[in-house]
Amino acid sequence: MNILKFIESFTDDNLLNSKSSRRDSFNQFKTLGKNAALASLPLGIASLVLAPTKANAAATAFMTTQDTPTTALQLALILEYLEDEFYQMALDTNGLIPAADQAIIAQISQHEAAHVQFLSSALGDMAPEKPDFDFTVGGAFDTFGDYPTFMALAQAFEDTGVRAYKGQAGNLMSNGDLLTAGLQIHSVEARHASQIRRLRGQKGWIVGSDRGGLPEAAQAVYDGEENAMQAGFNTASVMATNGPDIPAAAGPESFDEILTGQQASDIASLFFAQ
Amino acid sequence: MKKVKVEEVKSNLTNRRSFLRISGLAIAGTGLVIAGCSNDDDGGMTDPPVDNQLPGVRNGVFDLGGGDAGILTYAYALEQLEADFYTRVVNGNNFGSVFSSEEQSVLTDLYRHEVIHREFFRAALTGALNDPDRVLPDLDFDYGGLDFGNRLQVLNTAKTLEDTGVAAYNGAGRYITTPDYLVIAGKIVSVEARHASAIRSLLNPGSADFAGNDVIDANGLDLAQMPSEILAAVGSLGVVQTPFTAQFLP
């Protein structure tokens with residue numbers, strides 16, 4: 001859908017003028033792709049961040065069916081661009097954020113801006129450019145005119161971020177420093193998610209696959225969170241031996257689940273400008 | 001004399017941390033590494049074989065072990081501490097009067113989650129190690145003068161434990177070699193971070209403390225600490241009464 005439009009503009013304009021350094025990096029990446037192990041990368045984001053020209057788009061699609069530290073960080077950067085712009089626009093909108101929540105939103109915004117800078121710097125020439133976002137999704141949401149709508153989207157973005165970073169952890173295993181940095185961002189997103197959820201009157205943790213009053217379109221953010229089986233252990237089966245009851249629902253609450261790159265990419269692409 | 005050789009390494013070798021800086025990630029998937037060689041004629045390496053690094057009693061004291069089993073056992077020890085703490089909190093005589101209903105709800109959820117984490121590790125390690133003697137025993141804890149009827153003392157201790165949990169998992173991730181275990185650790189650490197955020201906002205609502213500058217650096221990165229740092233910090237609390245060692249953990 002709209003992600004295709006973005007890819008089109010990216011391949012038509014930006015990369016025709018791309019610097020040779022990007023091509024060099026790309027060639028380096030191509031070499032890498034042969035060696036790197038592991039499963040499939042989300043094609044949408046892959047094309048978005050790596051496609052250098054239309055001519056070799058097919059080759060790109062082939063090569064980027066690899067998951068590597070680079071593609072993991074590229075996906076992460078796209079998500080951080082989204083969050084960064086989202087919070088910055090909110091802070092720039094007079095009257096949207098109540099005074100009581102100002103310090104919280106400002107802190108989150110500062111972190112997302114830092115994440116963009118950190119990942120951009122880490123990726124260097126391999127950093128994708130920032131897409132154009134439409135947080136109203138074609139006017140469907142009054143995102144910056146209605147605080148509850150803004151907060152609902154914030155929750156969706158933060159919970160998506162937590163799950164998406166977690167889904168990329170395996171792709172960062174080959175580089176301990178990158179993995180650690182990824183984990184350090186991941187837990188910051190989780191702190192944000194908990195705070196936003198609690199401001200909305202939700203628990204700080206995800207309950208089953210409950211989307212917490214968000215529009216049905218956000219269900220993809222929560223699907224799978226109801227999972228109770230961890231490495232063959234049924235977390236819903238734990239009984240209290242000393243203290244209040246432990247309901248079955250506490251099992252899935254106590255473990256967050258991953259989103260694959262494709263799932264995270266699908267969610268993010270809803271907010272790309274048409 | 002030490003030789004230097006060029007060798008191709010797989011993604012999870014232990015010296016990977018020095019082989020690429022963050023700016024050089026494009027070749028991180030695999031690569032040529034110039035590594036200080038510690039081969040046979042070097043004679044200086046004393047690390048025992050991996051088989052000798054399983055968790056278990058050494059010289060009369062339980063050692064957490066090394067490798068993935070060691071990291072998971074280390075996590076199990078930390079989860080034992082958290083579960084024990086919150087179990088005492090929710091069983092406190094004045095739990096229903098000292099804490100607001102919101103605080104009771106949060107602390108009760110944390111008790112449930114941490115007990116589940118503990119039981120998960122107990123089951124996972126029991127299954128994976130297939131030898132009860134290699135599973136960390138139940139640790140004893142003593143909180144000294146901590147007053148479980150004092151709201152601030154409890155919440156501040158909870159904050160320390162949750163922040164420590166986040167830093168511990170974040171720091172240990174790179175030492176896990178099995179992808180499935182890394183994902184499991186990731187599934188738990190984000191819940192610990194959600195806890196830390198909630199406790200911090202109970203202590204200072206409406207502030208930036210839920211992800212405060214005392215734990216998040218200028219790059220927007222949370223804490224990450226090595227097992228040795230975490231264990232030293234936890235040891236200094238004087239809470240864990242059961243002695244154990246961690247001679248194979250970084």
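Reader: Let's start with B:Arg112. Which helix does B:Arg112 lie in?

Author: In this predicted model, B:Arg112 belongs to helix H3 of chain B, which covers residues 101–129.

Reader: How do I read its burial: is B:Arg112 buried or exposed?

Author: The general idea is a cut-off: a residue under 20% relative accessible area counts as buried. Here B:Arg112 has a relative accessible area of 14%, so it is buried.

Reader: And which residues does B:Arg112 touch, beyond those up to four places away in sequence?

Author: Look across to chain A: B:Arg112 touches A:Asp245, A:Ile246, A:Pro247 and A:Ala250.

Reader: Now a helix pair. How do the axes of H5 and H8 of chain A cross?

Author: Angles under 35 degrees count as roughly parallel. The axes of H5(A) (residues 69–91) and H8(A) (residues 176–199) cross at roughly 30° and come within 12 Å, so H5(A) is roughly parallel to H8(A). The crossing is left-handed.

Reader: Which residues make that contact?

Author: H5(A) brings A:Pro69, A:Leu73, A:Glu80, A:Glu83 and A:Tyr87, while H8(A) brings A:Leu178, A:Ile185, A:Glu189 and A:Ile196. By class, six are nonpolar, three are charged and none is polar.

Reader: What about the largest nonpolar core: which residues touch the most other members?

Author: Such a core joins buried nonpolar residues through their side chains. This one has 123 residues, and A:Phe86, A:Phe150, B:Tyr74, B:Phe85 and B:Phe121 touch the most other members. Helix H1 of chain B (residues 67–90) gives the largest share, 14 residues. Another core, of nine residues, lies apart from it and includes A:Ala218 and A:Leu259.

Note on methods. Residues are numbered from 1 along each chain as its sequence is written. Chains are lettered from A and ligands numbered from 1 in the order in which they are written. This is a predicted model: local features need pLDDT of at least 70, side-chain atom pairs count only at pLDDT 80 or more; totals for chains, interfaces and linings use all residues. Side-chain values use heavy atoms; hydrogens and water are left out. A nonpolar core is a set of buried Ala, Val, Leu, Ile, Met, Phe, Trp, Tyr and Cys residues joined through side-chain atoms within 4.5 Å. Buried means under 20% relative accessible area, exposed over 50%, partly exposed in between (1.4 Å probe, protein chains only). Helices (H or I, at least four residues) and strands (E, at least two) are DSSP runs, numbered from the N terminus. Axes are lines fitted to C-alpha atoms, for helices over the stretch in contact, and angles run from 0 to 180 degrees between N-to-C directions. Angles under 35 degrees count as roughly parallel, over 145 as roughly antiparallel, 65 to 115 as roughly perpendicular and the rest as oblique. A crossing is left-handed if the near helix is turned anticlockwise from the far one by less than a right angle, and right-handed if clockwise. Contact means heavy atoms within 4.5 Å. Ala, Val, Leu, Ile, Met, Phe, Trp, Tyr, Cys and Pro count as nonpolar, Asp, Glu, Lys and Arg as charged, and the others, Gly among them, as polar.
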